[in-house]
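Work through the exercises below with the sequence and the model side by side. Try each task before reading its solution.

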Amino acid sequence: TDVLLEPGFPLSAVVAEVMNKLIVSIMISPVHGLSGFDVDAAAFFCQIKRERKAITHFRTWPDYLARMPGKHRREIKRVISRLIDKHKVRYVTSNVDLCSKWYPAYLDLEQDSWKQAAGKTISSDSDAEKYFAEAIQSGEAKGKVEFQALQNDEEMLAMSFRFKAQLRACEVKTSYREKYRKLYPGVVLESLNIQNLSGKDYTAVDSCAFENYAIERIWPDEITIARTIVFRKNVVGRLARLLYQRLNNSIFIGRVGKMACR
């Protein structure tokens, strides 16, 4: 599934209306991870819709800044200048040596971040660590992954990485060392990542963050990531699923027929 695009099922609104009248739970779930979409939550929720911050239509750094409120624009310029000019921190990126150098450096940085105490580091979950190691290894071979960092002469202050596909990208796992918290290294890194992306003709960049105040100030747009309809496991739910599948199949057959006629 392309996490940046909604599936374009043309009868989804019609199906949703029918399901509502049958009083069947329909859930739009954006939850994704090692096991895919979370379908079990359908037993507890109905018609949940969540969106994530993203960038979908900027071309240059000045264009991006012009879209922000004046207060946020001044704050971003101030924190960037403080780190880059006063503290001589460098913004660096790389799409090579990712498995041998950058990924281990990122795991090390996470140990000094707030994620360590919260148990949210990649290393705290063996499945997640294996998943990211394989994804980065494969992505590096295909030129689909890039790391970014704020670095001084001694260490990395903040790091993130990006998965790229065609003209879309996902910004993943921004982390910073807790001792530099008052310098807002995460905000600076996110901002410089956006500046680095400007002018590269990306059609959409996913922030990979949900209900994050800092991200909401930096990322100007909001898009729906994915839509999934889940039916309850009762008689009406089974009938609704059959109806949905029949409608879906009829559209597929119709499209194939049109292609055959051509």
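Among contacts in the protein (heavy atoms within 4.5 Å) between residues at least 6 apart in sequence, 67% join residues at least 24 apart. The model is predicted: local features need pLDDT of at least 70, side-chain atom pairs count only at pLDDT 80 or more, and totals for chains, interfaces and linings use all residues. Residues are numbered from 1 along each chain as its sequence is written, and side-chain values use heavy atoms, with hydrogens and water left out.

**Exercise 1. Overall make-up**

Task: State how many helices and strands the protein has, and what share of its residues is buried.

Solution. Start with the DSSP runs: helices are H or I runs of at least four residues, strands are E runs of at least two, and both are numbered from the N terminus. The protein has 9 helices and 7 strands. Next, apply the burial scale: buried is under 20% relative accessible area, exposed over 50%, partly exposed in between (1.4 Å probe, protein chains only). Of the 262 residues, 40% count as buried.

**Exercise 2. The sheet**

Task: Give the strand order of the sheet and name the strands at its edges.

Solution. Two strands pair if DSSP finds at least two bridges between them. The order is E2-E3-E4-E5-E6-E1-E7, an open sheet of 7 strands with mixed pairing. E2 (90–94) and E7 (221–223) are the edges; each has a single partner strand, so one side of each lacks a neighbour in the sheet. From one strand to the next, the twist averages 30°.

Now walk through the pairs. E3 (residues 145–151) and E4 (residues 156–165) run antiparallel and share 7 bridges. Phe 147 faces Phe 161 in E4. E4 and E5 are also antiparallel, joined by 7 bridges. Here Lys 164 stands opposite Ala 169 in E5. These two strands form a hairpin with 2 residues between them, and Gln 166 in the turn has a positive phi of about 55°. E5 and E6 (residues 204–206) run parallel, with 3 bridges. Of the 9 residues in E5, 7 are buried.

**Exercise 3. Helix packing**

Task: Describe how H3 packs with H7.

Solution. Axes are lines fitted to C-alpha atoms, for helices over the stretch in contact; angles run from 0 to 180 degrees between N-to-C directions. H3 (residues 70–86) and H7 (residues 185–197) pack at about 100°, with axes 9 Å apart. H3 is therefore roughly perpendicular to H7, a class that spans 65 to 115 degrees (under 35 is roughly parallel, over 145 roughly antiparallel, the rest oblique). Residues that meet include Ile 76 and Leu 83 in H3, and Val 188 and Leu 192 in H7.

**Exercise 4. Asp 221**

Task: Is Asp 221 buried or exposed?

Solution. First place the residue: Asp 221 is in strand E7. Its relative accessibility is 7%, so Asp 221 counts as buried. Its side chain makes a polar contact of 2.5 Å with that of Arg 67. Such a contact is a pair of N or O atoms within 3.5 Å; within protein, one must be able to donate a hydrogen and the other to accept it, and residues adjacent in sequence count only if both atoms are side-chain atoms.

**Exercise 5. Cysteines**

Solution. A disulfide needs a pair of cysteine sulfur atoms within 2.5 Å. The whole structure has 0 disulfides. Cys 170 is buried at 13% relative accessible area, whereas Cys 99 is partly exposed at 32%.
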